[in-house]
Amino acid sequence: MVSFGASIFQPKPHLHFILQVLFDQTSLPYNRQTYLLFLGGRAMPIRLLPAMWVACSLLLFLPVVSFADGFIIIDPPRIMPPPLPPESPVRLNIKYHHVEVQITDQVAVTTVDQVFSNPLSRELEGTYIFPIPEGANITRFSMYVNGEELEGRILDKEEARRIYEEIVRQQKDPALLEYMNRRMFQARIYPIPAKGEKRIKLEYSEVLRQDNGTVKYHYTLSTEKFSGKALASVNVEADIRSPQSILNVYSPTHEIEVDDVTENHVKVRYAEENTRPDRDFILYYTVSNADIGFNVLTFNDGRNDGFFLLMASPNSAKIHQNVLPKNVLFILDTSGSMAGEKLEQARHALEFCINRLNPDDTFNIIDFDTRIEPYATQMVDANRHNMKSALQFVRGLEAEGGTNINDALLEGVSMLKKGNRPNMIIFLTDGLPTVGEQNIQKIISNTVAANHANARLFVFGVGYDVNTQLLDKLALDNHGIPEYVEPDENIEVKISSLFAKLSNPVLTDVTLGFDGVRVKELYPQTLPDIFRGSQLIVAGRYRGHGATTIHLSGKQGSRQQAYHLTTDFPKFDNQNDFLPRIWAGRKIAFLIDQIVRHGEDKELVDEIISLSKKYGIITEYTSFLVDQDSPQFSEFESDDDYYNAVRDQAYDTMNAASEEQTGKRAVGRAKAQQEMRAMKIARPPIPRTDESLGDEPWGVGSAGGDERPRGDNPPQSRIQQIKDRTFYLQQETWVDAEHQGSAKIIQIKPFSPAYFELLQKRSDLTEYLAAGENLIVNAGKVSIHITPNGQATLTNAEWQLISP
């Protein structure tokens, strides 16, 4: 039996123990009267006695093997009286997994607290294995069980690899190959009580590396995905301290909360409940005393153009005097449909925003329904008198009449003047235009044409009666972002959260320049302003390699300000394999926006399909990639035939989406699209659905909110992402997206001599082979098909084709 989360190997048991376990009364299907012989207080049919003695004799002499990383092996398997089949493997369950990390001057002390539960009615003994992240510089490792420190040892990579391979041979399970190139810590544990729990605490220290100001922390969390049950809770809390300012705190793997205690002290928290963690936890942060600290992560497989992710954050300790005064206009829909709780929440949100204005700001409020009623005839200073009277104006708002969106926006943009101050509009509506101009294209073009002040338009659509195409285009065409508030969400929380980020602009009209490598396809293409406490994240590609100077420029009032960073863009770098998916997700969002704005385009649709297939970014328009009922890759002789068969399906979906501009599905689609525009977490590619609908709106599990399957029985996924590659389940075979239908295929039998020789000769493919024991992987000149019908040995000519 195999269970992941820790490693337990069951050693040679005693005969009495075997008999007691194998014939535990609770596991017997027959009444006691049907048994003719009792051994040790347990019954056994006479017909099984000879076989039982043989089994016990064999088990007594099983070799003791030190097994490895992140799993539990229990021996022997349960033997049941005929005609019942053998009992299926049982996994140990992980109750919870809590991690505390103290990082001081790049020295990280990690404390792990886990509780394992044994579902069996017998005691277990074994070996706990903890995988050590690749590149970690471990200086100390200790482990405690019930407060008592246990002896353990760290195995080097070669010894660990030998143990991993031995497990794969015996268990015939390729899942462990994921950890093949890592060191491990192991310690003996006894007992794990029957139907009981064992709490394990361990602590280790390591020195984190710094690369051009960027520090990376890596914790192995992925083994918990194999727990017998979902974990009740998973927490990772990091307390980071540095003599330099801490900037650009970022996780590409998990949604984190960041609390900036001071400029030198940051707290980070990730928490989930009822979940199976399936990825390691990775955290980056930058240390810098610059006014704006920025850094670059890169990935380059050496075969194609590289990928990069640029992050920039202002240093709160240094730029407080550089916070720019701003002009802020609030435009609020008070039509009849806003009556009740919606208007009350909107009032509270406006009160929050007014109270957060800076002394040098100017502001105004427009209340609109059928008519347009501004608080003042022009922008006013954010002094105490004006703010007090504005709050009284807000408290007196009432909901009545229709919705005149066009005139409200035109009135608003006319109040703003172009100058050195950033202009911002916060616009909220819960419905369709019903008064005045009602053609959405004209409303959009009218607003863009009148926006001479280059105001950023931040749009909030409340409920499901809004026109998402109208609101998306209003925001995106006016340098802002669209937000949607569903009926079960709080308007006050949404608006307050955004305005807190917008309160303190630091750099506007931001641009990037590169001296060195050639960069292309940057997303977002129009860079947003930088605010205190915010983070600019840009994904792009690069060609060439070597030292490159990056110039981050923008306006601080009337002054042009520039910041510079010289860093290396490498020819080969496989460390940040999440970057291609983040870039692809943002590019797909950009392409969908182009189709929505300008109409369907065959080349854009083809590019969306190609990117989705290669990088595993599943959207509503490419759901056929993981749909059992859609055409399968293997049904076609070439990729061209496959694309011809599914392109019409994508066209139909996009056409239907463009026509469906209001309602729950439209809002869900718009929210998912906005999440993908700002994609920064490379999540597993499980599409997001709303189970309350028969025909669900799709989101993107890889993009924003975490909507991955949880609980004890998650649905079977038809897609896996391993490092930088994507595998699709096609007729019981995992197929590498990089496999070409015309490629020569060499078949290898899983767990055969050729299979293990392949692990030695092509160690770069090891982690991909963990996808399953029936898979096709691109090996360069050929593709390799791991299949039960494969060869146990290969010829020298075949090995030459497989060689890198």
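Which residues in α8 meet which residues in α9? Ile 440, Gln 441, Ile 443, Ile 444 and Thr 447 in α8 meet Gln 469, Leu 470, Lys 473 and Leu 474 in α9, where contact means heavy atoms within 4.5 Å. A word on the ground rules: this is a predicted model, in which local features need pLDDT of at least 70 and side-chain atom pairs count only at pLDDT 80 or more, while totals for chains, interfaces and linings use all residues. Residues are numbered from 1 along each chain as its sequence is written, and side-chain values use heavy atoms, with hydrogens and water left out.

**Helices α8 and α9**
- The axes (lines fitted to C-alpha atoms over the stretch in contact, with angles from 0 to 180 degrees between N-to-C directions) of α8 (residues 440–450) and α9 (residues 468–476) come within 10 Å and cross at roughly 15°.
- α8 and α9 are therefore roughly parallel (angles under 35 degrees; over 145 counts as roughly antiparallel).

**Helices α11 and α12**
- Helix α11 (residues 579–598) packs against helix α12 (residues 602–615) at about 160°, with axes 10 Å apart.
- That angle makes α11 roughly antiparallel to α12.

Terms used. Helix = DSSP H or I, 4+ residues; strand = E, 2+ residues; numbered from the N terminus. Parallel < 35°, antiparallel > 145°, perpendicular 65-115°, else oblique.
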